[in-house]
Amino acid sequence: MPSSRPLELEALTPRYMAWYRFTRNPTAIIGAAMVLSVILLAILAPLIVPYPEHVGAAVNFRARHAAPDLTYWLGTDKVGRDILTRVIFGFRVSLLLVVGVLAVAVPLGAALGLAAGYFGGWTERLITGLTNVMLAIPPLVMALAVGNVLEPNLVNAMIAITLLWWTWHARLVYRVSKSIAAEDFVEAARLAGASHWHILTREILPNCISVISVKTTLDAAFVILFGATLSFLGLGVKPPTPDLGSMVADGRQFLPEMWWGVLAPGFAIFYATLGFNLLGDGLRDMFDVEV
Amino acid sequence: MQENYLYTFAKRIAGFVGVLFVLSLMIFVLARVVPGDPARIALGPSASQEQVDAMRMEMGLDRPLLEQYVTYATNALQGDLGRSLISGRAVSTEIASLLPATLELVLVTVILMALLAIPLGVITARYRNTWIDNTGRLFSIVGVTMPSFLFAILLQLFAAYFLTDWPIIGRIDHSLAAPTGPTGLLLVDSLVHGRFDVFLDALQRILFPALALAMSGIGQITRITRSAMIENQRRDHVLTLQSFGVPDRVIVFRYLLKLSSIAPLTIMGLEFASLIGNAFVVELVFSWGGFASYGLNAILQKDLNAVMGVVLLSGLFFIVANIAIDIILLMLDPRLRLKEAR
């Protein structure tokens, strides 16, 4: 126990220890705060942005390409819209993408990974074989191909990313569930006549939760990064919806003079991905798992 | 020992061929079932229905899907990836002319990764939990989380404001008559022809894109090298060497580094998939004009034949890189050889 102050013995539950490790980890706390701030900004966006009318297709040519100042804290874009406003709304699109992708990819990957690890045999061979194939495809190339062959928009970007993302969870959960399936308590449950369903959901899955949650947090960062890259390449949200990746792409035409048009949304993406990454790192230390 | 190598590789390559087969089937089916008629894309919106039908016959699109795939796969094995729907030229010719640019970029990237990440990993492990280690940690987190397009743009901005003479666009200054052949890699060809001006220009231009591309890999590999070094420091043979009074320098470079490069090399192989993906972005930002730019254009123009070629070749790229890394690992790690022999 790495502590200098005495602790009540009954307080040393695994959960308490984990929480203790988490709160003692400054980067984890910073990461949590960053993630929380992104989520709050996204939820409260309509209430807090300085120029709500600049979210859509508004034009404000008088202030076009204004440098950051007290009126426009992060400057304005090529039609004079406030970049701060659009960045805050851009977080909404990023988080929507994260939720949309992970809500499907994580359960799907986890279910397949569980099944592969527990049942073994041809189920295992089929699922691990499939994940191996998916690993050989550069994810961005595949997402670009799928996203564009279907119509490029947010939902299709989501579909394209989801199609690839489940494999990582499947691999991870497979590894954990395979080792847990060999444990005595699983054997005991089987001998006691428990059904496959019971063993999978009550004996094995709870042991995978910490790994899954760490991976999911880290993944949030990469989904944001990935979505931003797709829209930077022109395969994301349709204008005028504010989206961080396409804002960077738009601003790039006016470099190097109008640097704020690129740096503001660019660093907003970086802020969000960094936050999720630090938080995920902290959770990893907290649960003491390898992901 | 020689036979074991061969057996291992036969097994590996069989596995990779399987992967490539499924990949090609997947991308083929995807390209055929999606809305958007390749014949229509090739002829444009103004063509009549009869023309489109005739084109479909010519492209074999009226045959059963399985037959189409067999034809496609047979041709692909002979290096024929069909014709681009947009330009009408053979996809394989178009790709072949652009491949060296990307190959050169990727090679320089991998060299940069190894040159920067492994020493950084060794240093951060040596000075564990000091400010050096923390700085290294911050650096690698930034490398992993920063979008590669942002990093590429930051490098360009830096050059635009502080290194005003530094060329940041394209592979080569077009006023320099760059020598052609034998490899297509400008850095190599210029040296072969003794053109140091070309070599310097090309080197200057490739440095920033390669750095932007290497960033995320550097971040990961630094961390993995570091943890491998720390883990291996506690091994018995290392402790024995230390107790014999063998200097740290010798232990690190002669014993630890070899043992600790196994994990990062494995990761580097997996990293190749995202490296190829990021090349799409970096080539765009630096107007590189390689295989990835071609792929991006093909995708944006829905040039399905070219897209299939690009995806297949990306997969092949990944697989070849991983075979190469497997070979290096087998040479590095005698335990692997023993395991495979059993």
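Is Y69(B) buried or exposed? Y69(B) is buried, with a relative accessible area of 8% (buried means under 20%, exposed over 50% and partly exposed in between, with a 1.4 Å probe and protein chains only). Welcome to a predicted model, in which local features need pLDDT of at least 70 and side-chain atom pairs pLDDT 80 or more, while totals for chains, interfaces and linings use all residues. Residues are numbered from 1 along each chain as its sequence is written, chains are lettered from A and ligands numbered from 1 in the order in which they are written, and side-chain values use heavy atoms, without hydrogens and water.

**View 1. Chain B meets chain A.** Here 41 residues of chain B are in contact with 43 residues of chain A (contact means heavy atoms within 4.5 Å). About 3700 Å² is buried between the two chains, and carbon and sulfur atoms give 81% of that area (the accessible area, with a 1.4 Å probe, that two parts lose on being put together, summed over both). T145(B), F149(B) and I299(B) supply 16% of what chain B buries against chain A, more than any other three residues.

**View 2. The side of chain B that touches chain A.** Elements giving two or more residues to this side include α1 (2–33), α6 (131–145) and α7 (148–162) of chain B (helices are DSSP runs of H or I with at least four residues, numbered from the N terminus). The most comes from α12(B), with nine residues. By type, this side divides into 34 nonpolar, five polar and two charged residues (Ala, Val, Leu, Ile, Met, Phe, Trp, Tyr, Cys and Pro count as nonpolar, Asp, Glu, Lys and Arg as charged, and the others, Gly among them, as polar).

**View 3. An edge-to-face pair.** Over all chains, the structure holds 13 aromatic pairs (rings of Phe, Tyr and Trp, the last by its six-membered ring, with centres within 6.5 Å; planes under 30 degrees apart are stacked, over 60 edge-to-face and the rest tilted). The ring centres of F21(B) and Y69(B) lie 6.3 Å apart with planes at 70°, so this pair is edge-to-face. F21(B) sits in helix α1 and Y69(B) in helix α4 (residues 65–77) of chain B, 48 residues apart. F21(B) is partly exposed, at 46% relative accessibility. Ring pairs also join F21(B), F28(B), Y69(B) and Y72(B) into a cluster.

**View 4. A stacked pair.** W166(B) and F208(B) are stacked, 5.3 Å centre to centre with 15° between the planes. W166(B) lies in the loop between α7 and α8 (186–192) of chain B, and F208(B) in helix α9 (residues 196–233). W166(B) is partly exposed at 23% relative accessibility, whereas F208(B) is buried at 10%.
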